[in-house]
Amino acid sequence: MTEDVLEIRNLYISYQTKQGKVKAAEDVSFKIRCGDFVGLSGESGCGKTTTALAVMHLLPKEGIVEGGEILFNGRNVLEYKDQEVREYLWRDVSMIFQGAMNALNPVHKVIDQMTTAIQIHEGVSHEEARERSLELIDSVGIDIARAGGYPHEMSGGMKQRLMIALALVCHPSLVIADEPTTALDVMVQAQILELLKQLRNRTNLSLLLITHDLSVIAETCDHTIIMYAGRIVEMGSTSKIFSDPEHPYTMKLISSFPSILSDKGIDYIPGNPPDLINPPSGCRFHPRCDFTINQCKENSPPLEEQDNHLVACWRRSDI
Amino acid sequence: MGLRGTVVKRIVQAIITIWIALSIDFIFFHMLPGNPASLLARNPNIAEIVQERVIQEFGLDQPMHIQYGLFLVNFISGNLGVSFHFLVPVQDVIYSRLMNTVLLILPATILSIITGIWIGKKAAWKRGEKQDVVGLFISLVTYSIPSFWLSMFFIMIFSVNLHLFPLTPWNPAIGPQDTLGFWLNLFSHLVLPWAVLWIALIGVFALIMRNALLDVLSEDYMVTAKAKGRTEKEQLDKEAVPNAMIPVATIIALNIGFSVAGALQVEVVFSYPGIGRLLWDGILYRDYPLLQATFFMITVVIVVANLIADFLYYALDPRIRVGSEVVISEVKNDSTLRGFLQPLRLLLIFLIILNLGATIAYPAFVGLTIGLSVLAICLLRWKQVGEYILTRLRSYSPAHLGFLWRNYRYRLLTHLSLLVLSVNLMVFVAITMSGVYGLEWTLSWGRSFIGIGGFPPSIGLEGAAHSIMVGLSSIAHPSLTIAALALSLIGAIMGRRSKTEGMLRQFIATPMGKFGTMLVAFFVGLAIYGDILAPYDPDQQLTGLPYRRPSPLPLDQLVLVSVGLGLLCLGFAIWIIAYIRKKPNTPKHFTKLLVSIVIAFLGILLGSYSYSKNHLPGIVTSIAIFLVGVFLLLKNRSFPRDYISELRVSYLSSISESLVTIGLISFMYSALVVITGNPTTYPGFHILGTDQLGRDVFSQMVIGVRITLIIGLVATVITMTIGTMIGLIAGYYGGLSDSFLMRFTDVFFVIPTLVIMIILAAILPPSIYTLIFVIGIFSWPSTARIVRGQVLTIKERTYIERVRSVGGSDVYIMARHVLPAVAPLIVANTVLVTAYAILSEVVLDFFGLGDPNMISWGTMLYQAFGGGAMSSNLWWLVFPPGIAVIVLLMGVSMMGYAMDEIANPRLRRR
């Protein structure tokens, strides 16, 4: 199976604020093949979540899609009417939210929240929906006796697992996981990662994993996309990116990660993330880059492919 | 904590609430001049035997504590005393009336809860859009209408003019006695009261629902709901509303007192035989046992209703949040007890008890005893006190002042005026406490401080004593206090200009803030220029015949006014056409220019009038207005480059705006000519007619705004001080003090404050101070709650931890770090409390409890109501004051809501 579940083409998104237009995503294009796990990373405010929200039609009022296409199984999601959007959400694409602690409605029982999700999309009986939800709850490793409880009776890790179960309840072809492990302690993180790995082995699900924690991506994903200031700077197979990054930003990002085993020095990226209202000219990374040449300041580098590995840097071959 | 425990806890709390209400009841009626026994004896209508029995039952000849015990026992067992007026045991009168009131309140409240929740839901879902604006407008209007006025209005429209409903009050003894006829008769009498109460309550419930829902809508699970593919209606009804209903249920329960307050007013106007009417009778006849019992019964009803609502809450919320809140007080251990029993604390407690004793024994020396105790404490802790004073003074060293002058000039202003203020207030407090010049001196200070009356008073001192008094008085002069306060405020605001300016700009940018400020400014203007605007002396009787209808304008004046109005309307019409046709807007610069011209002109106009009438406050204010106009004009003096072409493109709206400006200017001018020129140029002309004594209604309206504003503002200051202190201490210290203070607050939340205010105002001598005092000390519970909630979140912040670890004292942290963080919220709440205080003032006035020597809108309505204005269709006595109250309240609450939207972190847009 090599079909593309999701293809994003030249997506431009901006936020209208009082201070001006924030260009949150610019010329973002990537594909997710059926069954692939793709990691999307970058520092805070680089457009990861914005891109995901656009796929889910969940951009806030201020967020405007200014151009591009989001193709889901070949159909442009952005042209969907309200009714179509509602049918498409959760049945085709579902989402595991950042901070699942609050993503479950506190006044409804967990099991009810799952069954309503099924019943919104499929004309199945309540009993059948319940049956399916219970199966899923069991498969994420939660005692089904707890299913009748309210979210506040669960621990953080349990809530996160229930959120994953909720995301899978309508058998979507793509799940977007937005920071699924952030704010969880390490042991729980390990459980969640284990669960995601199982999913990859057992099902045909595609996953877009958004995180700033590169180790999570290294652990679970086939492909990795690195974004900086609203643009994709590097994209390729996970093993390649981690072993041999080509964009200076990716290099810095990887080397700034502490390692528990080696006592290598931790590198950091000087300066601050750019102001997206008035982004720097040329390559967005040039003010913080160690390899800047004049061309970097003037023109924005295109994302060029070489051996299935895409990098946006003028000095790719030099470094 | 199990459900059983919570149930028990709630019931215990309810009992405590009733106990406190009873104690208040007891204390109030012992504050009366003379004791209950002599009051009873003085009443000639009560037979000797009955008197004997009452004295026996209530132990009125026994010492105080036995009286108190007997009072509790009697009231709880249902023996409520003998009514002075009805001459029967109070309980016989009260129960049937209570049923009638329930019949009035219940359907209306349920209906308005449903309507209010519906409106709140619609408004919150479409926040900031047309639906929200309409919803907010409806809520604020209904919130601002005093129920008694709406009742009068409805009676005049539907009963007097349209004859749709019976005009005579309902009386169960008269009319058909068969079941169907009885109920039909009752129903026809109840439709209007229900309608009034329904409308009057919508606003509260809609606002509560809107705010609760806005809070919920920003939660993460709402995104999940949308992502799940729920329709908008389902997101709202199935996911958001069940969550919002949890807080709404409690807040609605706490607001039951609000419905009762509304019902009291409605009953009075409709003469409906309920408990509110009984209260009115009790005030009219000064029937104290009746008042005492009414208050008790109303409290019991509300407490029970609250208890029911509380249990509903548990059915709604799976989390049972409340249970966890209570455990706090159990953490105490004996080490805190030992800390509590420090020698100094013991001394303090001893001094407090001594003071209390001294106050009761020799009330004349209360100031002296307290002052001496404070002095004693200062002497005992002279080291700390001295150190404190030294640190304070150190900031006034020349070096520091020089530093301030170079770097923070505005802070220097604040600094110096605070020094003046503290000296001024210290002298004032010292003189008051020592009591050498008596109560008259202090009262005169207070009068002068709020702007009525002169200072210092002539106390009949002579020679050196007189000059000493004048000298001391000039140090403690109230105008000095006002000036120092104003200057320090200006310094503080200008010192943080950028931050304040940002908030102000946000505030003015909201249509609600803009509009509300304009309305309030209008009334403040009326208060300041009242003397030159009022054509007649408002107290002067027979300025014309009594009950004269508003006279039509004389022809020449009509022409003058209509030219201005015509231009204004024409301008607006063109502007609307341009807006609909989507023509380009006028450049902002041009609009600002026009606005500044209007302001400057207003300043000149009012200034020249004030000057011709030698009215000093008017002249000063006019100069200030003029300067603001000139300042704005100068700020916009530089023209942008392609200005002319921009103007040419937007010619239609530019012309319309210019027309509006010209119209406004000529209208202002002609209106002023009409209003002020009347008594001399056109004798017998009354723009709003005359009342039963032939007094000019318009003049009364203009002067009446002052009392309303003064009482509203001063009561607000008292309320905010109490509320902020309690909220701050409860939130910051937590633990025992929190539990205690919050229980105390809850009690006041539940007890019908309006009823307390009415009763207390009836007991105390009628004066403006009584009103201020009564409103001020009973409106604080909501403020205390809001402040406490915010302090609780702020206190957990890391920077507070940081200050504490550096060694900041609690007082320092509260004053320097917690208070500023809560300040925006307090400001917003202040405005809302002002609205509530003004509304309370109008209602108390309407109950005839206002200052008989001062004209206010409420008193005008009271006199109109008493004079039968409704049945004789004298609309000009009823409509103008009522509409003025509504517009003023709308202005104030709009300002409050606009500020709340900016300041309240829970409402901030995410």
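Let's start with the sheet in chain A: an open one of 4 strands, ordered 2-1-4-5, with antiparallel pairing. Strands here are DSSP E runs of at least two residues, helices are H or I runs of at least four, and both are numbered from the N terminus; two strands pair if DSSP finds at least two bridges between them. This is a predicted model, where local features need pLDDT of at least 70 and side-chain atom pairs count only at pLDDT 80 or more, while totals for chains, interfaces and linings use all residues. Residues are numbered from 1 along each chain as its sequence is written, and chains are lettered from A in the order in which they are written.

At the edges of the sheet sit strand 2 (20–33) and strand 5 (75–76) of chain A, each pairing on one side only. Strand 1 (residues 4–17) and strand 4 (residues 63–72) of chain A run antiparallel to each other over 8 bridges. In strand 4 of chain A, A:Gly63 is the bridge partner of A:Tyr15.

Now for where chain A meets chain B. The contact (C-beta atoms, placed from the backbone, within 7 Å) takes 21 residues from chain A and 16 residues from chain B. On the chain B side, helix 9 (220–227) and helix 10 (232–254) each supply at least two residues, and helix 9 of chain B gives the most, with 6 residues.

Notes
Contact = placed C-beta atoms within 7 Å.
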